[in-house]
Every structure is written in C-alpha cells, then in structure tokens.
Amino acid sequence: MPSVGTLAFDEFGRPVLILKGQESKKRLFGIEAHKSHILAGKAVANTLKTSLGPRGMDKCMVSPDGDITITNDGATILSMMHVENEIGKLLVQLSKSQDDEIGDGTTGVVVLAGALLEQAEALLDKGIHPIRIADGYELAAKMALEHLDKIAESYPLDLKNLDPLINTAMTTLGSKIINRCQRQMAEIAVNAIMSVADMKRRDVNFELIRVQGKVGGRLEDTLLVKGVVVDKTFSHPQMPKEVRDAKIAILTCPFEPPKPKTKHKLDITTVEDYKKLREYEKEKFSEMIKSIKDAGTNLVICQWGFDDEANHLLLSHQLPAVRWVGGPEIEMIAIATGGRIVPRFQELSADKLGFAGHVYELDFGTTGDHMLCIEQCKKSNTCTIFVRGGNKMVVEEAKRALHDALCVVRNLVRDNRIVYGGGACEIACAVEVAKQANKIATIEQYAIRAFADALESVPLALAENSGFSPIKTVSDVKSQQIAQNNPRLGIDCLNTGTNDMKTQSVIETLIGKRQQISLATQLVRMILKIDDIRLPGETDE
Amino acid sequence: MRGDLSTALNPIPLYKQGVEEEKSELARLSSFAGAMAVGDLIKTTLGPKGMDKILQCSMSGGPDAGKLLVTNDGATILSKIGIDNPVAKVLVDISKVQDDEVGDGTTSVVVLASELLRETENLLAQKIHPQTIIAGWRKATNEALRVLEGIAKNNSSNIEQFRSDLMNIARTTLSSKILQGKKEHFAKLCVDAVLKLKGKTDLQGIQIIKRLGNNMSDSYLEEGFLLEKKIGINMPKRLENARILIANTPMDTDKIKVFGSRVRVDSVAKVAELELAEKEKMKDKVNKILQHNCNVFINRQLIYDYPEQLFAEKGVMAIEHADFEGVERLAQVLGGEIVSTFDTPDKVRLGKCDLIEEIIIGEDKLIKFSGVAEGRACTIVLRGATQQILDEAERSIHDALCVLSQTVKEPRICYGGGAAEMLMATAVSQLAEKTPGKESVAIESFARALRQLPTIIADNAGYDSAELVANLRAAHTAGKSTHGLDMEKGAVADMVELGILESYHLKRQVVSSAAEAAEMVLRIDNIIRAPPRPRQRDMRHH
C-alpha cells in the first residue's frame, strides 16, 4: 500500500511528524512491498521473454527524439525502455552487468531472475519468510553451479580448426535478425577475434577490433578488413586516391603555425616586426613539410586540421594527407601500422613511421561518400568489421549482434569450457537441483525446489517462442534427460528433428551460463531482502 | 496500454510517465497500418503513367517554409512528410538508402515492402508464426535473386550495344517522370554526361544549372563548362587560349596566423606604415601569382578591390568566390591544380582552355569555358517554365544520372515493365509448389507481393490490371521471360523489342532491401515509445 506513513501521536492526539515532508513521501512495506517488487520484476521479464531464442521476436523502441531502434538484444531493450520502477531499474542493471561481463545472455539472465521472483511469490503466500527463501536460492544456485561444472565439456581450441568456435558464435547470432547470413557473420567474428587474440595470455584486446557500419548494400556484403577503415577522405581533392607501400606519419599536431601553450600576446609595433613575422610564418610551413619529407613519409595522417596553404604545400610535395582523424582511430592506425604517434614535427624520424601495403579510398553509392581503407599493415592484428545493410536499423542491429558474437568467442578463448544451449543445461541443472532438494532438512527445501522450477523457465520460454506446447515439450525433454542420463538434450527450436544439442551444435560458454545463474540469484536475493521502500514525494515545481 | 500493474488495485507504474507500450497483436496492427499507409500513399506514383504529388511545406520554420513542391520521386515525397509511426519510418529509411545507393527505384522498394507486409496480415490470420513466414521469405528472396541474376545480361564489352542499353535505361527511368515527353532528348543528354565521367560514380562532376524561361526541350548539355560567376570589372570579357590558375587563397587582407599576434602601435602614422606593408604583401602575392604566367585567375575565396585592380592592370581575368565544388569541378575540367601557395611557379600545373567568354542564359550572365583539356566534368543547362518544373526536372535528371553511373560500374541489365518482377514471381511460385510445410504459404505470398508491382503499374495507367497481369503471368509460365507490360498500348509485349531496360543492380537492391525491411518489421512484437523530449526553454534571450 503506498503512502501509509507511520504516525506517532502526542498526548492530545495530534500527529507528530517523524520524517520531514512525510505526508508527501510514498512508502511501501512488508508483504505489500514484496508483492509489488515481484510484480514489477515479472513485468520486465515478461517483456523480454518473447525475445529469447532463435525464434524470438524483436522490439521496436522509439526514442524521445523519434529515432527508432529495432533490436533483440536484452540489454539494449532494457536500457531504452525508460523503466522507472525501482525494481525494474535493478533488472535493467542486471542485464547491463551481464552485458559488460559476458556480452551475451542478457535476455536469459532477466528471464531467469523474473522466474525466480515469480516462484518466490508462491512461497511467500505459503508464509515462508523471505530470508529463508533467499537462503534457499543461494544454496540451490551453488548446487546448480557445481552441476554445471560437472556437465561442462572442455573444448579444443585449435587454430587450424575453427569450426567449434564458429558454431558457438552461430548459436549467439541465431536469435538475431542477421541469422540470414549466420555462418558468414560467425566466421567474421571468429576470424576477427583470432587475428587479435593473445593466445599466451588467453586474452583478447577488444580495442583492436572496430565494428564500423555503413548503410547501403546488403548484409551479405559485410566484410572483415584486416586493417583500419576510417570515415575520412584525403584532404585535397587532387591528391592520389590510392597509395601503395605507404610510409605513414601519424601526427597529433596541426599543420598550422605553432601555438605555444603559455598565454602570450605578440605585439606588432613596427613594419619590420610585421615583415619578420611574415617570414617566420612562411619558414614554419616549409619547415614542417621538410621534416615530414626528410623522414621519408608518403602519407600523412593528422589529428587536426590543415591550413589552406599547408594543404597545397602537401599536394605540391606529393604528400597525400588525411586530416581530422579522431583519437581512437588514430590509435588504431598507429597500432596497425606499427608507427608511433608523433606530437611534434621535430620528433618525426624514419623509424617512427608506420607502414601499410595498400591505402585506398572506397566509394559508395550516389552521394559521393568516401571511406579510407588502410590494409596490409605491418602488424596485421588489428581489424575492422565493415557492416553493410539495407537500412539504418539493420546495420545498427547487426553491429550489436556482432558485438555479442565477438564477446562469446573471446570468452571461449579465455575459458574453453562449454555447455550445451537450447535449454539443455538449464534442464540438467533443474533435475539435479530438484534431486538434491529432498536431502535438505530445513524449510529451504521449498525454496530449492522453487529454484529448480525457475530454471526451467528458460527452456519453457524457448519452447513457447518456437510455437510448441511449452509444458509438454519441456517435460518430454526432462524425462529423456533423466532416462538417458544425457545432459545435452534441449529444445529443438528450429524443428531439425533431433533434440541433442551436440549434434545440432548449439553451444554456449560455461562462464556465460555461470554468470547468468549467479547474477540472477544475487539480484533476487537482494530484492527479497527489501521490505520497505520510501520514495521522495513529487517535489513542487 | 500503459505498463501499469496492480496489487490491491493500486497501480504500480513500471515505466516513466508518458511511455507508451504496444504489445503483440496491437503492435503488429499498428506496424502494418503504418507500412500500408505509406505504401498506399506513394503507390500511385509508380510506373510510366504514375501521378505526381504536391507537397506544401509547412508555413512555419525551416528554410523551405511555405514552398511548393511537385514531384514523382518516392524518396523526395517520403522525406518531406512528417511521419510518427515507427514502422513507416523504417520504410522511409529504406527509400532514402535506395536513393543514396542507386538513386532510383525509391518508390518500388517501399511499395514492395508494404505489399509484403500486407500479405503477412493474411498469413498471421491463418496463425502462421512470424518466424516461419520469415524463413519462407528468405528462401523466396534467394530464389528471386537467383533468377534475376540468371537473366541479367552484360553488354559492356560491346560499346555500341552498351550505349544503346544505357539509352534504354535512361529512357525507362525518365518515362515515369515529368521529362517523359522529351525523354529521347534527355536520355541522350544524360548518357552523354555520364559517359564523360569515364566510369566514376561521383556525380559531383556533373553540374546542373537551372534557369527559368524557354521550353524544356531547350535544355542542353554544355560541352565545355559553365561557371555561375561574373567576370570582374575592367577585365577582358572574352579570352582565347586561356591559361588558368585555380586557387584557394585569401585575397582580402592576408592575415598573420601566428597565434596571439596583434597589432599594437602608438601613433596613426605607424598604422599607415603597417597598412602599407600589408598592401605591399598583397602586391607581392599578386606578383607571385602573375609569375605563373597565367591570364586567368580563379579564386575560391573573395578577391578584394585592391588585388582585383592589380590583376586588371595586368590584363588578367580574375574570378572570385567560385564555391568549393565549383573550384573542384573546374580543376577537373581544366586539368589544373588547386593552388594555395605561390612560391614554386614552375611546379604548378595550370589549367587550359581555348575560349572563355561571358554568355547570357535567361537573364543571368555566366562564364563559359569551351575547348577544355580534360572533359571529365560537364554542365547540364535546364530550362523550363516554372520553378517547380525545373526542380522536378532536376530530380529526374539526377535519378537518371545516378542509375546510369551505377550501371557503368555494374554493367548488368535486366528488363523493366514488370518483366523482372513477373519473372521472379513465377520462379518463386514454382519454389512454393516444391516446398513442403507452412513455409510454402509464405513463399507463395512473396510471389504475390512481387506480382503486385506490375498490377499497380497497370492500375495507375488505367488498364484492366487483372487481365493484363494474368496474361503476363501466362506468358512467363510459357517461358517468355522477357515479356512485360507495354503501357503505351496496354498489352503484354517483349521488352527487348521495346527497349525497356533497367539496371540489374537497382532491381537487386529493391528486392533485397525490401525483403530485409519487411523481415525486420515482422520480427517486432512490442513497440515501446518514449515520451517526446520536453522542449527546453530557450534561455539565450534572457
């Protein structure tokens, strides 16, 4: 019940206000608070439920400015949903932390949390204390995680045979709109990760992979460029559009007369001063060009702008140049070409130049758009995924999907243990947890059983989204799993005829799944522990 | 529908105030309604007998306030109408992308996408899952693109044939536009202009100058180059064997750019001295420019009176303030370099042309460069009775130029007049017959949507569309894969004989991007609309 403030009365029966502005504040406590939390959590989870799995649907979000985002990615949906409810916001953050940590499974984690809350509601009605429920969930989560480790399989990480990795990436991409060219996209993601992965440290530096989109063409035209693509063109229209064996000077100083950092005023009082200054300026320009030329450069990449005169000087000295290249891009170029970023002209020398075999301009469509493509770099371990698509929304969604796929592949590089998707591992865990529940002597038993039921919510949603009768399908699979003692059986979403996820190669990473279960449990525990909410009242404006 | 929940009948707001949420059926309903509304809006402009629309820009705000626009171009229409429906915006976006990518077919792509969604409504009523429909469509799209590629022909090796193909494509594109009556004239004009670009797709090299007056058929392609500028006073109005220096340099007062410098003097006399020094500097600059042995100087920036006077003294023609694109085009046409420093006269390449003269079109003076060295840019002069005609003519020419330049890049062609669509529809129908399962229904619906395009073309022309399309379908089933609709006679005819060609690239883009958009819309089952951003009070005036 909202806004039942606790009131104290003095001996004359007048109310004493304990909190400042109490009457305008909203308050919710006790079982009502729990109920309202659970309701809000369920509502958010229900919105996402339909996006789960290869046959899940998308959501269309209209931003305050009228821009449209169409997406299947849980974290993106939630972050754009403008949820105001406190518990709803917690779920939004839950999804975000899964996104930051793992990058995939952002929908699954919310659905699981929603299911846990739903189960908790029934237990609360039975009169079980919220803390006991929370404790039971905690125990159950531990059991589930142990079981997950048990059924996880180690995965051969072989650079020559990338198929297993590609299969995992394909599982992630399966639910997105780009599953039309699932295989191609998965290969792109795997190749991108493999080209930047540090196998010794088992780590992947994401900064070396850029995902760049350009509207136009078809999704099938998406490609992986082993190099850098920047949305820039040569500074002078008459510079050559293609440079081979480019020696690149990467500058962060503008082609302009120097600007000392100390504040100063330069006074011109006489004609001589004026003339001297003129000379000085001219000298500076030719000095700059000379230092570049002397280093043996034949391509200049600059973070800042050029003066008209500098621009022409570059042209007349046959130095193609690119200006206004942004910070991250310039770093990428430096890493890719093995060059050093040079902050002053004086420091430029031959060994600081970067090298690229082929630099050229790409033309697009009819509007005269150009992009600069730097390829065959000295160190080829940077790459750019260049996404094409028929409209803005598809390109954006493809970028998000590729990001997820990249994350998953990276996780595999870090930890090569996997579990089977399609709800298989959830069902296996549910079976195990339910079995263990009976051994627990205390009230927590109920909570543990509820946890097992909640785990089944993911396969249930998968089956429902695929158009099967959910309960029948899941119970079939469950009984098969127990009968065959085979934790690889899941929901056959695409109707391929087998529900063995190993033959379907529907694979998910172990760390992703572990994270889902532990994050969801953690959050639900937290929500169950809240028994009082106070909201600031509407401030008068 | 608000995201309200309740315990004990007290609502618990889930979303921020003003957020609207539409779920499953309702979301679909609103998305289909939006898509169909947009489709219906522009489908009457399709085809050679399509109609135009008048767009009156709103009276308040914007540079186009109260402007009148008459157009047949899908992308232009859609970009000018304010749309709130999210799905309609998706369609507007694909039309814009089509415009950027190919330049034409902006109407077809929207009509096809909306027809696909119209078909879906029936399928969903039969309780077929959207994902099943999508699976069917993907198969259908692949099949359609496969047969389209099969029929695409490449004539680029044979120059004569290729030119006539280009002419045909230009004619087909122009036939649905205002220029229809003079399409022969304009088709030739466009083809000549595009061939001058020598394979480049950058249309900046083609300048379109619009001048009111005269007749549309008085429009022409200027062999040389026209610049919308006047020649300075006291300078020769006509110059033969011009050596042209194209520059981008300040010719007002040449500022000192060293940061923080400023002039501080203690007497007026010193100011005068400095002024003199400045003047001298300018004179130096002019002298340096003159050392290039040029007799024409064209600058992107302003030329002040003093340097202009100096140039006039030396008999050099000086043209100021040619805008940036103008300078770039000039450099392309004349083969000169755009110069900003003048210390190395021997290294700079000057532009050349045989004759520069001032000419008058309508009531404006323009500078004409003829006998240019490198003709990689050109000017199309459009004449017409009203501003609206000129604008629409420009858009039509632009469409034609885009398509042609893309065709030069990707020289494969296919057949117009609904032939390509019917070909794809027939192949897709056959695929549907072979496919088991519910997907077959979806595949068949794709074929129906494709068949809608010729139907709409025939409807717009006022013919009996059912009869014509059935005949066309029969012709295609009988293997006459180049047959399409002849909208002059209202009959089925061989498109090869009529020379109704379209670019393969265009058709492929239409099909794949419409299918992609329709798929995207179909996947939506929930629309969440944030409240419009509240207007911030503008505090700048207080």
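Visitor: Are α12(A) and α13(A) roughly parallel or roughly antiparallel to each other?
Guide: Keep in mind that we're looking at a predicted model. Helix α12 of chain A covers residues 424–437 and helix α13 of chain A covers residues 444–455, and they pack at an angle of about 165 degrees. Angles over 145 degrees count as roughly antiparallel. So the answer for α12(A) and α13(A) is roughly antiparallel.

Visitor: Which handedness does the crossing of α12(A) and α13(A) have?
Guide: The axes of these two helices in chain A are 8 Å apart. As for the hand of the α12(A) and α13(A) crossing, it's left-handed.

Visitor: How many nonpolar residues are in the contact of α12(A) with α13(A)?
Guide: On the α12(A) side you'll find residues including C429(A), A430(A) and V433(A), and they face a set in α13(A) that includes I448(A), F451(A) and L455(A). Sorted by class, the contact of α12(A) with α13(A) has one polar residue and two charged ones, and its nonpolar residues number nine.

Visitor: Which residue meets R183(A) in a salt bridge?
Guide: Let's stay in chain A and look at helix α7, residues 182–196. The side chains meet at 3.0 Å, N to O, and the partner is E187(A).

Visitor: And how many salt bridges does the structure hold over all chains?
Guide: The pair of R183(A) and E187(A) is one salt bridge you can look up. Over all chains, the structure holds 56.

Visitor: How many Å separate the centres of domain 1 and domain 2 of chain A?
Guide: In chain A, domain 1 is made of 27–154 + 420–534, while domain 2 is 236–357. Taken over C-alpha atoms, their centres are separated by 56 Å.

Visitor: How far apart do the C-alpha centres of domain 1 and domain 2 of chain B lie?
Guide: Here domain 1 takes in 20–154 + 415–529, and domain 2 runs over 225–374. The C-alpha centres of those two domains of chain B lie apart by 52 Å.

Visitor: Which way does α5(B) run relative to α16(B), roughly parallel or roughly antiparallel?
Guide: Helix α5 (residues 130–151) and helix α16 (residues 504–522) of chain B have axes 10 Å apart and pack at an angle of about 175 degrees. That makes the pair α5(B) and α16(B) roughly antiparallel.

Visitor: How many charged residues does the contact of α5(B) with α16(B) have?
Guide: Among the residues that meet are W137(B), R138(B) and E149(B) in α5(B), with K507(B), R508(B) and E519(B) among those in α16(B). By class, this contact of α5(B) with α16(B) has 12 nonpolar residues and two polar ones, and its charged residues number five.

Visitor: What is the crossing of α8(B) and α9(B), right-handed or left-handed?
Guide: Helix α8 (residues 268–291) and helix α9 (residues 305–313) of chain B have axes that come within 10 Å and cross at roughly 40 degrees. The two helices, α8(B) and α9(B), are therefore oblique to each other. The crossing in which α8(B) passes α9(B) is right-handed.

Technical notes
Residues are numbered from 1 along each chain as its sequence is written. Chains are lettered from A and ligands numbered from 1 in the order in which they are written. This is a predicted model: local features need pLDDT of at least 70, side-chain atom pairs count only at pLDDT 80 or more; totals for chains, interfaces and linings use all residues. Side-chain values use heavy atoms; hydrogens and water are left out. Domain bounds come from an automatic or database domain assignment. Axes are lines fitted to C-alpha atoms, for helices over the stretch in contact, and angles run from 0 to 180 degrees between N-to-C directions. Helices (H or I, at least four residues) and strands (E, at least two) are DSSP runs, numbered from the N terminus. Angles under 35 degrees count as roughly parallel, over 145 as roughly antiparallel, 65 to 115 as roughly perpendicular and the rest as oblique. A crossing is left-handed if the near helix is turned anticlockwise from the far one by less than a right angle, and right-handed if clockwise. Contact means heavy atoms within 4.5 Å. Ala, Val, Leu, Ile, Met, Phe, Trp, Tyr, Cys and Pro count as nonpolar, Asp, Glu, Lys and Arg as charged, and the others, Gly among them, as polar. A salt bridge is a side-chain nitrogen of Lys or Arg within 4 Å of a carboxyl oxygen of Asp or Glu.
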